[in-house]
Amino acid sequence: MKTSILFLFCLASICTAFAQSATKPFIEVRGMAKLERSIKSYKLDIVINQDQSYTDNKRTLDEVRNGFFEKAKSVGIDPTRFKEDKIAYVLTQYGAGGSYYTFETTKPEELIAIHSLMEDKSGTVLLIAKRIVYNPVTNFSKTMTDAFNDGKGRAEKIAAAMGKNLGELQSVIDYSNADDEEESVGYFQTEEDSYYYVSLKYDIE
């Protein structure tokens with residue numbers, strides 16, 4: 001009996017201590033810092049398919065392909081820079097009798113030149129994707145430090161507004177992407193800043 005009473009007393013003490021810890025006031029904030037990432041190159045994915053023609057004047061795949069490459073030469077682009085990917089074509093929704101090419105460049109003027117080749121409205125040459133290859137983030141350790149300091153500064157301001165002092169740091173959650181420190185490829189979108197985020201949780205006193 002005495003043992004049971006002692007056990008219940010200890011259990012009650014533990015539950016009380018846990019409840020006090022769980023209800024201890026805290027501040028949780030998000031810190032952020034701009035990711036400094038430069039563009040390495042641009043990629044254009046192009047499908048050439050004789051079956052997609054909108055006209056009655058059907059041409060063979062070789063005729064369509066050779067015609068496109070001749071246009072590329074006319075704007076100063078070597079046709080050998082278009083790299084064929086047969087597996088990628090198989091994975092598209094297009095039928096048999098076509099080719100999938102990727103063109104990579106570091107020069108915006110070449111992007112404009114390639115775009116000018118898309119003026120053929122027959123539907124046989126299609127620009128299906130525009131991608132950007134990014135270099136790894138520059139000095140990622142500094143970015144993390146800046147985000148941490150930003151979050152801590154926010155927490156201090158909130159604590160001051162509450163008439164409190166910032167206590168011990170309880171937890172940190174990292175919201176970085178797996179490819180932030182590596183070369184990565186993304187689909188083109190209008191230019192906008194990218195940020196690294198971290199979540200900080202502090203006691204307040």
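**Figure 1. Overview of the predicted protein model.** The accessible surface of the protein comes to about 13,400 Å², and 53% of this area belongs to carbon and sulfur atoms; accessible areas come from the Shrake-Rupley method with a 1.4 Å probe, and for residues only the protein chains shown count as cover. This is a predicted model, in which local features need pLDDT of at least 70 and side-chain atom pairs count only at pLDDT 80 or more, while totals for chains, interfaces and linings use all residues. Residues are numbered from 1 along each chain as its sequence is written, and side-chain values use heavy atoms, with hydrogens and water left out. The protein contains 5 helices and 8 strands; helices (H or I, at least four residues) and strands (E, at least two) are DSSP runs, numbered from the N terminus. Of the 205 residues, 31% are buried; buried means under 20% relative accessible area, exposed over 50%, and partly exposed in between (1.4 Å probe, protein chains only).

**Figure 2. The open sheet of strands E1, E8 and E6.** The 3 strands are arranged in the order E1-E8-E6, with antiparallel pairing; two strands pair if DSSP finds at least two bridges between them. Strands E1 (26–34) and E6 (166–174) are the edge strands, each pairing on one side only. Neighbouring strands of this sheet are turned by 30° against each other on average, direction ignored. Axes are lines fitted to C-alpha atoms, for helices over the stretch in contact, and angles run from 0 to 180 degrees between N-to-C directions. Strand E8 (residues 195–204) and E6 pair over 6 bridges, and Ser171 stands opposite Lys201 in E8.

**Figure 3. Helix H5 and its buried face.** Helix H5 (residues 140–161) lies across E1, E6 and E8, at about 140° to E1. Its buried residues are Phe140, Thr143, Ala147, Gly151, Ala155 and Ala159. Seen down the axis of H5, these residues fall within an arc of 145°, so they line one face of the helix; the arc is that of the directions from the helix axis to the C-beta atoms. The buried residues of H5 pack against E1, E6 and E8, where contact means heavy atoms within 4.5 Å. The face turned away from the buried side carries the exposed residues Ser141, Lys157 and Ala160.

**Figure 4. The surroundings of Ile77.** Ile77 is located in the loop between helix H2 (61–74) and strand E3 (82–84). Ile77 is buried, with a relative accessible area of 3%. Residues touched by Ile77 include Phe82, Phe103, Glu110 and Ile114. The C-alpha atoms of Ile77 and Glu110 are separated by 7.9 Å, although these residues are 33 residues apart along the chain.

How values were computed:
Lists of a residue's contacts leave out its neighbours within four places in sequence.
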